[in-house]
Amino acid sequence: MPRLRWLKSKAIGAALTVYALVTLYPLLWLFISAMKTNEEFFSRPFGLPSHWNWSNFSRAWEVAEMGRAYANSFIVTILSLIVTLVLGALSAYVLSRFQFRGKLLVMGIFMLGMLIPIHSTLVPLFILMNKIHILNTYAALILPYTAFELPIAIFICVAYMNSFPKEVEEAAQIDGSGYWGIFFRMMLPLSMPALATVGILAFLRYWNDFSFALVFMSDPKLKTLPLSLSVFATGYSTDYKLTMAAMALAVIPTIVVYLIFQEQVMKGMTAGAVKG
């Protein structure tokens, strides 16, 4: 039995190692391709470059003006994240801890937002923003980003907060803490795993969005990172070496954010499913 258990653990470890390598290979391929020439990209798509062209990164940074695009993406993403997390946490707190008439209706309306195809709203949103004169502003991205991410944020946070025992709030109320004190001192810190999960999912969506930025941002000074990557492709050709280099630079923040919050994300994805 001990030997069988040892073989089973080794087999599981080997399978997980293979799965990890298969999962990481596209990312590794991206960084390797970013240091090739266009000729090597086509002639040896899966091979190593004969010469490691680190200059591709600096060239891509300059051609696409990625410094400005990085700044715009960070501003839009961070502000959208703050609004999403604050509104999502407050809404989830009310929906999970209070009983009031129409609660199920309100929850259903929020959940209905998860069923709306995002890209089907591009035209009406463009008309609306044009009428209220917020096109080519950060608000043109922050507002729709927040609106479409709120249903997911509320769904995750409500499921997580429902697992908190009522005795925790009752003890805080006995100690003289009000609703705002309970929220900021207890519910918010306890909900950090769920908020980290929401933050990761929202960050990836905001950071990688192309369609909203393309439609709502025509000012070159306000273009975000995905828009800056399109400069390497024309109607006739694509500079693949610079495209890969720019994509490698663009993906770095998402990797860093996930590595920092991966433990919280795992807790947030699993803890809400178990009561107690």
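Let me open with residue classes: Ala, Val, Leu, Ile, Met, Phe, Trp, Tyr, Cys and Pro count as nonpolar, Asp, Glu, Lys and Arg as charged, and the others, Gly among them, as polar.

Hello everyone. What you see is a predicted model, where local features need pLDDT of at least 70, side-chain atom pairs count only at pLDDT 80 or more, and totals for chains, interfaces and linings use all residues. Residues are numbered from 1 along each chain as its sequence is written, and side-chain values use heavy atoms, with hydrogens and water left out.

First, the overall picture. The protein chain has 13 helices and zero strands; helices here are DSSP runs of H or I with at least four residues, strands are E runs of at least two, and numbering goes from the N terminus. Along the principal axes, the C-alpha atoms fill a box of roughly 75 × 70 × 30 Å. Of the 276 residues in the protein chain, 40% are buried, where buried means under 20% relative accessible area, exposed over 50%, and partly exposed in between, with a 1.4 Å probe and protein chains only.

Now to a helix pair. Helix α4 (residues 66-97) packs against helix α7 (residues 139-161) at an angle of about 40°, and their axes are 7 Å apart. That makes α4 oblique to α7. For the terms: axes are lines fitted to C-alpha atoms, for helices over the stretch in contact, and angles run from 0 to 180 degrees between N-to-C directions. Under 35 degrees counts as roughly parallel, over 145 as roughly antiparallel, 65 to 115 as roughly perpendicular, and the rest as oblique. In the contact of α4 with α7 there are 17 nonpolar, six polar and two charged residues.

Staying on α4, look at asparagine 72, which is found in this helix. Is asparagine 72 buried or exposed? Asparagine 72 is buried, with a relative accessible area of 4%. Leucine 225 is 153 residues from asparagine 72 in sequence, yet their C-alpha atoms are 7.6 Å apart in space.

Phi of glutamate 65 is near 50°, a positive value in a residue other than glycine, and glutamate 65 is partly exposed at 41% relative accessible area. Histidine 133, in the loop between α6 (122-131) and α7, also belongs on this slide: its phi is near 60°, positive in a residue other than glycine. Histidine 133 is exposed, with a relative accessible area of 69%.

Finally, the spaces. On a 1 Å grid over the protein atoms alone, a cavity is a set of points where a 1.4 Å probe fits but cannot get out, while a pocket is an open set with protein on both sides within 12 Å along at least five of seven lines; lining residues have an atom within 4 Å of a point. Grid points are joined across faces, edges and corners, and a volume is the space filled by probe spheres set on the points.

The largest cavity holds about 40 Å³ of space. Its lining includes Ser73, Val76 and Thr77, and α4 gives the most to this lining, with three residues.

The largest pocket holds about 360 Å³. Among its 17 lining residues, Leu85, Met192, Leu195, Ala196 and Gly199 are the closest to its centre. Which helix gives the most to the lining of the largest pocket? That is α10, with six residues. And here the opening classes return: the pocket lining has 15 nonpolar, two polar and no charged residues.
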